[in-house]
Amino acid sequence: MSLLKLKRTVISEIQDNLKNYGYILVLFVLIVGCKKEMDSSQIITSNPTVLPFKKLNVAGDPIQLKFKDATNELAALIIENSLGTTVLKATKEENMFIFDIPKHITQKAGLCHWTLTENAQIKAKGSFNILPNPNNGTYIESYLGPRSITAVPSDFSMHVIAPTDAYDNPLSDGTKITSTYQFKNNISSNSVTMKNLMGWKNIYAPQQAGRILVTANCNGSNSKELTSIVYPGNAVDFNITYARNHDYADGNQTITFSSDIIKDVYSNIVSDGTLVNFVATNTKNIRLTASGTTLNGIAKARFIHPYEATEWKVKAYVTGAAQSKPISVPFKAAIKGYQITLANDHRLIAIENIQSFMDQIVPDGVPISLTIYDQQGEFVALLKETSRLGEATFELPIEFYDAGKYTIETVVAGISKKQDIVLK
Amino acid sequence: MQKTNVLLILALFIGVAFHGSSIFFTLETTYDALIHLFFADHYANSWFEPWDYRWYTGFTVQAYPPLVHQGIAALSYIGGLKFGMFTVAMIGIILFITGTYRYGLLMTGSRKIAGYTSILAVFSSTFIETLHIFGQLPSILALSILLHSLPEIYSWIKTGKLRYLATSLSLIAVTVTSHHVTPIFGMVFFIFPLIGMVLMDASRDQIPSTKSITFKVFIVQFKKLFWRIVGFGFGSLMLFIFCILPYWINSKKNPITQVPIPHGSRDNFLEVTSSGLVFFLIPWGILLFILPYIFYRYFSKRYLFFGLSFTVLTILGTGGTTPIPLAVLGETAFNILTLDRFTLWATIMALPIFGEFVYRLVEGDLKEHIQQRFGAVYHRIIGGLLAGGILAMVIFTMSLNYFRPSQPQKINMLPIVNFLSQDMHDHWRYLPLGFGDQMAWLSAQTKAMTVDGNYHSARRLPELTTRPIERLENSKFRGVQGIGSLQQFLTVPEKYNLKYIFSNDKFYDPLLYFCGWQRLQQLENGIMVWEKLNVPPIPAIIEKEDVSTTLKIMWSVIPLLTVILAFIINIQLVWYRILKSRPLPQGVFMNYEIKYTKFSKGLVNINHIWALLLLMVLGFGVYQFYLTNATQIAPKNVIVSYYDALDFKEFKRAHSYLDPDSGVDISQYMLEVSVTDGILSSYAKLDSIGVEIVDETQTSARAKVFTQWVTPLEKIDKLYEHDLLKHNGKWYIAPSTFDNDLPPDQLISSNTTAFFNHGRRRITTQQTNHEDVLKQPVLEILTAKLVKHNGSYSIIGELQNVDNVPSDVVIKASLYNDNNVELATYNGKYQLKHKLMPKETTTFRIDFEGIAWSSTKDTLPPTFDPDQFTPMNFKEQPTRFNIQCAGNVANTDLYKEITLQDLELNTEQITGSLYNAGIQEVTIPQLLISYYNTNKELIWLDHHFLTEGVRIQRKQYFDFKPKELNDLELINSSLENCFVNGLPNKSISEKAFPDREHEHAKEQLQPYSGVGYEFIKIETNGYIGNPR
């Protein structure tokens, strides 16, 4: 029952569809037919000629092109300038076509080509030129770079000036521009001629560090102020000094090395933050290093005093550019000796009486090492302590150090002592 | 007229009140919920476009079935994303409770037992865990709808009424679009046994009792119902393919070829007890105690197929505890699937039987049996214990996140979102660190993109897929591999246009610093923003993998359509069911209700024995736990405990392990500990500890402790020695002595040159004015060489900031072969100073790091290489190189006041101290040690991190082993292809330093005769953790 119904509906649907196809077919034939007819009926030939027009214009002036003997409704004017191509439709006036060139074309300086076409056929061609219009005011776009230079004769910043008219057209070649710059008390102007859309001027670095301000002027208009920083050149050799509280090697005072004011070859103080390496070479030919950064040309670096007597040869470098004369810094021994006290069957080893240069107790923290060797001279252990109130103790508990004979070696501030002990 | 089931109403009432109110406090801190929120945000913004640029440099959301996300997205139009999420969760809760009710009804045929089942479902620890700890909304929704579909499927096969086929298929379609794994395995584990049960019931109808069902009868029924089964099976298979067709196409196109990410559910639960707790004990909960009953019931004839399914699920859920799951699933499936879902299904499957058990215990034959045999009091005790057990599990599970938070504290995202949207910061990619799953919530709120992501199946970059890490964001939890992967992103950030990092975990800060990043600012919410200079913005056009419009429309329309269809098809029934306005036909399964008359005595005995056994095992476990954690019963224990305490910064506990006779009181100890800073004390995680006890006597011992610490920079091995003493049966550690050194001055003054860069001076929405862009500082490369050391290639050299302003240095080197074919590119990482003052020099070394295990077929190394460095694999010999160096004005991290002192050169080791002469505390000092040959030419460079910081006016001693440079080959030494800021190095050299004095650098070298070199130079660099 239901199947029959389905069959019926399907058939009717197909019929409906066939009807639709019929309509589409008819429509198609009609469209194709119409098209051909239109093509054949509209062939009108005309030979339009352009009326005289101004070949040289100034940006912003209205421009109109007129063609006589023009009848074809489908005529179009194609205009090309440096910014693109535009197609214009004509307004008709008694057998004459008038094309008003739109503002976006008349305001742009440069050569404009026009082409009149009819039915994809070129009927007439020509061109006109538009010049920049400096009369409505001049605007100046200017750049200065690099923004920082070094005070050496070869370095410069380039001032690039692009004056434009009110419609943003660069002015014509040959336009005079004045580039003015100020440095310290000196203001100087240079005349620059525009060429290839812009004018430029190299501003060479003066011999002094400072700041150059630059501006430009053209047709009475002024640009904004631009800046280039003149940094000092590379450092030249300098001297260093040092300051310290005393000359004892107590390991607990800072010694500060300072450079004098580091300058470049033109006596400019080197730029802040210049890194100076201080290298101190001691009597064992070991180089200790510290670095300082300059502030107003002076770099400072701090070391802490060594623990044992020595002499430092200190030299500072601005690597690759400058160095100082070496100076010599002697350190006298502060700690001259100490005592070893054994107690508790030698299991308690006390390092005592570590005294400094005025026989005062040394400031806390002097490193003390104790190396233990067994009877055969084999290494057993290395114990390290730091002094507290001028002494330090080492404990050798029975759990870890069997009874027997040992040799101990103690080192305090470079003073080494050896001793035999017997643990019970 | 049917009566409303009071138990079901009660379950719904309690369930919605309990879960519905607590999700507001739990859901956002779960693992998954925020990921779904992010996906929802995607659909809310671009419903029809499956490509999302925000994660993984772009990925497709067609990698996850969309229904839940689209549901949240649709609801978000009403009340925002979170409203959508909570509403969907609420719907999930209701569907789950009603689903278990209908499932219980189907299984038992008793409305009462089904009611019990639904109440137990509300309190089932597996559901609580899935919702409140894992936040797996799609999984819950899909499972619930699957449960709803089961009675319909039963009815279709049993009765053959087309209406039931429509209802079951409509529900299956919804299941498929909400979760992909659930229906696949649901088919196997729920629907197959269900079909078996239908056949059993059909067979039962032919003969007088269940017991007399024979295989023959069963086969006859199977033949009879065969076409219904096939009809349903075929229909659901079609839906399966059709409803999420784009998903299948995407999986085919982008197969998951990535290194498996370790998941706790694959652990051996006996070894990794925390995984055992989360993936076994909690989901099973109280069900463990009645396992014998569940097995007994499920292996009765009617449920036989469920019994088999349940057994398989139970075994698969045990993960790596037994080798069976691996053998059954095979290597691939085992490593992709998270096995906890098997436990989830097993426990859900057990619910009706649990309901039946409780019914029989509360008001059925078991109650009578126990009361007769053991007395009424015992029955009450058992009941109380059961109820107490259930409640205890509920509270324990709910509070798990409170006591052991799986996520960092909730982060206020607004400052970050504002930061990203201001000043065109979203034109670069960002990377959150230490955000946990909240990174998904951040991503959802911004259109800025990140290289990271939170849905690891969709990862695309080989740097990610070849490492077993879920996210870069939490890479520290993946140890060396995680950090290694993160390092690749941090070292070459311009490859990913990665410029900003939001750090919520200071652990990563040293890594960022030494990879050349700098701190930008701290946001109001305490998140530190790091930036990298010289990174280009994301190009306007980024690649994407497009799919056909048909697939896009299918993906966007079908899911919600399945819901609407299912709603239309089922609404009538639902309405009748709820309102009882018309008597409904009873489900045919109602005919198979069992009369519970006599509870098996043997079963009671067995279950008692089982429960006792279980209690004993638990007790033993607790005892073992106590023993290994008893801190002071052996020398080894006290050492391990001490380091554990130090690792977790529990200094009071650490102090309690120190010898009380030593006279170090707690305040002294705290003072001494609190002043130490450095990579070990502030940025390290103890990875492993080995203790060797030597010289042990009754009362003393000496321990050598070999520790391995994972730090953001490298793995540090450190050997400590301790003396141990025993007092009153307890072992103690003799405290180590501290440095007594006093700084020389009380008050010091210091001048520094500080810098500030305005950035854009004019407030404008346009691009920064050209006048506000500083000139790039000029750097000069002094030497550059390509060398081969121990088989891997490196570029070493030296460069100088020859400008007048401090500079940040980015240096990138490429290797070429003889035919000028580029072989590799990499950036400088640790082995250079990234910030240079004017005229400062730095040596540098660039290693070419490959993408680890770039072929996924490579087997992962079982133990991870401590140096975490994967040398690039070169097919051809590199012979030439190119160096691109860029300077940018730097104004931070310019501290240079670390003095090298007390240097001693021995043949075996070099020792010395660093003295901090300035007024910033250097947290992680670094030494750059360069080696030179007889002609004072650079031949190699190495670095060394000090494990402790240098405090102001104090010293920090260091020692390191000088290199032995036997295997060193110089391949090319040339400055020809070196460029600085895009300009040839030669022109810079001629202009900036025409008369360079080369002797200066040579004079500063330290003579030191080693294997293969005659001079060394030690440069210092340091990370300041807390700049003043």
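In this predicted model, strand β16 of chain A is joined to strand β17 (residues 221–222) of chain A by two bridges, and the two run antiparallel. Strands pair here if DSSP finds at least two bridges between them, while helices (H or I, at least four residues) and strands (E, at least two) are DSSP runs numbered from the N terminus. Residues are numbered from 1 along each chain as its sequence is written, and chains are lettered from A and ligands numbered from 1 in the order in which they are written. Because the model is predicted, local features need pLDDT of at least 70 and side-chain atom pairs count only at pLDDT 80 or more, whereas totals for chains, interfaces and linings use all residues.

**Around β16 of chain A**

- Within the pairing of β16(A) with β17(A), N217(A) stands opposite N222(A), and the two strands form a hairpin with two residues between them, where N219(A) in the turn has a positive phi of about 50°.
- Strand β16 (residues 210–218) of chain A also pairs with strand β13 (residues 176–183) of chain A, in the antiparallel sense and over five bridges, and in this pairing T180(A) has T215(A) as its bridge partner.
- A further antiparallel neighbour of β16(A) is strand β18 (residues 226–231) of chain A, joined to it by five bridges, with I229(A) in β18(A) as the bridge partner of R211(A).

**Around β21 of chain A**

- A residue is called buried if 20 or more other C-beta atoms lie within 10 Å of its own, exposed if 12 or fewer do, and partly exposed in between, with C-beta atoms placed from the backbone.
- Strand β19 (residues 240–243) of chain A pairs with β21(A) in the antiparallel sense over four bridges, and S259(A) is the bridge partner of I240(A).
- Strand β24 (residues 298–304) of chain A runs antiparallel to β21(A) and is joined to it by five bridges, with A301(A) as the bridge partner of F257(A).

**A four-stranded open sheet in chain A**

- The strand order of this open sheet is β31-β30-β33-β34 in chain A, and its pairing is antiparallel.
- The edges are taken by β31 (379–386) and β34 (415–423) of chain A, each of which has a single partner strand, so one side of each is left without a neighbour in the sheet.
- Neighbouring strands of the sheet are turned by 20° against each other on average, direction ignored, where axes are lines fitted to C-alpha atoms (for helices over the stretch in contact) and angles run from 0 to 180 degrees between N-to-C directions.
- Seven bridges connect strand β30 (residues 367–374) of chain A with strand β33 (residues 404–412) of chain A in the antiparallel sense, and T371(A) stands opposite E409(A) in β33(A).

**Backbone geometry in loops of chain A**

- Most residues other than glycine have a negative phi, and most peptide bonds are trans.
- N285(A), which is not a glycine, has a positive phi of about 60°; N285(A) is found in the loop between β22 (275–281) and β23 (287–295) of chain A, and N285(A) is exposed, with 11 other C-beta atoms within 10 Å.
- N296(A), which is not a glycine, has a positive phi of about 50°; N296(A) lies in the loop between β23 and β24 of chain A, and N296(A) is exposed, with 11 other C-beta atoms within 10 Å.
- The peptide bond joining G145(A) and P146(A) is cis, with omega about 0°, and P146(A) lies in the loop between β10 (139–145) and β11 (148–150) of chain A.

**Chain A as a whole**

- Chain A has two helices and 34 strands, and buried residues make up 33% of its 424 residues.
- Of the contacts in chain A with a separation of 6 or more, 60% are accounted for by residues 24 or more positions apart, a contact being two residues whose C-beta atoms, placed from the backbone, lie within 7 Å.
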